Amino acid sequence: MWRCLASEVAMKGVGKEMGQYLNEFQFEVGVSGGAEVVHHSVNKVLSARHDDGSLAMLVVDFPNALNLVDRSALLHEQGCLWGDKHIWSTTGVQQGDHLVPLLFALVLHPLIHQIRDNYKLLLHAWYLDDGTVIGDSKEVAKVLDIIRLAGPGLGLELNIKKIELFWHSCDCRKLHSGLFPADIRRPSVGVKLLGGSASRDVSFISGLAMKRAAKDVDLMRLLPQLHDPQIELLLLRSCMGITKIFFGLRTCQPVHMKDDALCFDKGLRGSIEDIVVCEDPFFGDLQWQLASLPFRFSGLG
């Protein structure tokens, strides 16, 4: 507990400074709504240049990156940044530690700058270990090569089969033998990016949103197995409520999310009804509206 609190205090102390140090390309540390920034930037480029067949978008993810990152590389970057000063930590890069995003971002920072300094790209953004690169196909291929070459020295190995290469149009250069690995994934209509969609295809966007809503509703239906309305409501509010689809509403046009929003709303109402009246009658539109009010207005929040 004390270790976690110490990490949180340390992160608050250096968060603003580190946000400036890592700016431009790393959007997880010190950037409010960083994932949304990446989403909107990617879709803006995608919409503006979707007919340019020479372009390619590479979606990179290092498997199990937080657990595998090399600690010697981490300590080296800390020394370069803070000199004789120390950030006291005995836990290493461990999920749940408030310093983890910063420490991991520091390890990746030199590689990100190496890409910035050597290749001309339309977009280059990272959210921790999730990278998105858009540019000319040949430049993007070179970026993939440097990531594959430099990654192991940081303890980060790419799984090519999980990397995705995408663009709506193609001038056939991306298909040339040897430019990209043969086993790289090549989706045709869009990619899942940081939990949202990067696409101009309505069916792909709405389909991905519906899958998310359906999973949330299926999870809600398991709540009655707890046989404790208080705990059920707590879990519903903190883990399964409307926040689950807020991200989708903020990162794509809401018109594409109409069906999944209705599906989610129906599932949420069913869960609230079960908590309040336990499948008994007398739960109508009025009760639903009252339950939707904040706590301060005697609702269920």
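Q: How many bridges pair strand S2 (residues 123-127) with S3 in the antiparallel sense?
A: This is a predicted model, with residues numbered from 1 along each chain as its sequence is written, and local features need pLDDT of at least 70, side-chain atom pairs count only at pLDDT 80 or more, while totals for chains, interfaces and linings use all residues. Side-chain values use heavy atoms, leaving out hydrogens and water. Strands (E, at least two residues) and helices (H or I, at least four) are DSSP runs numbered from the N terminus, and two strands pair if DSSP finds at least two bridges between them. For S2 and S3, the number of bridges is five.

Q: Which residue in the hairpin of S2 and S3 takes a positive phi?
A: Tyrosine 127 has aspartate 130 of S3 as its bridge partner. Two residues sit between the strands of this hairpin, and the positive phi, near 55°, belongs to leucine 128.

Q: Why is strand S3 (residues 130-136) largely enclosed by the rest of the structure?
A: Count a residue as buried under 20% relative accessible area, exposed over 50% and partly exposed in between (1.4 Å probe, protein chains only). S3 is largely enclosed because, of its seven residues, the number buried is five.

Q: What span is expected for helix H2 (residues 34-49) at 1.5 Å a residue?
A: The expected span is 1.5 Å times one less than the number of residues. H2 has 16 residues and reaches 23 Å from first C-alpha to last, close to the expected 22 Å.

Q: What volume does the largest cavity have?
A: Think of a cavity as a set of points on a 1 Å grid over the protein atoms alone where a 1.4 Å probe fits but cannot get out. Grid points are joined across faces, edges and corners, and the volume is the space filled by probe spheres set on them. There is one cavity of 30 Å³ or more. The largest cavity's volume is about 70 Å³.

Q: Which element gives the largest share of the lining of the largest cavity?
A: Lining residues have an atom within 4 Å of a point, and for the largest cavity they include Ile205, Leu208 and Met257. Strand S6 (196-199), helix H7 (202-220) and helix H9 (243-251) each give two or more residues. The largest share, four residues, comes from H7.

Q: Which helix holds arginine 269?
A: Arginine 269 and aspartate 285 meet in a salt bridge (3.0 Å, N to O). Aspartate 285 lies in helix H11 (residues 285-291), so the pair ties together parts 16 residues apart in sequence, with arginine 269 in helix H10.

Definitions and conventions: 1 Å grid on protein atoms, 1.4 Å probe; cavity = no way out; pocket = protein on both sides within 12 Å on 5 of 7 lines; lining within 4 Å. Salt bridge = Lys/Arg side-chain N within 4 Å of Asp/Glu carboxyl O.
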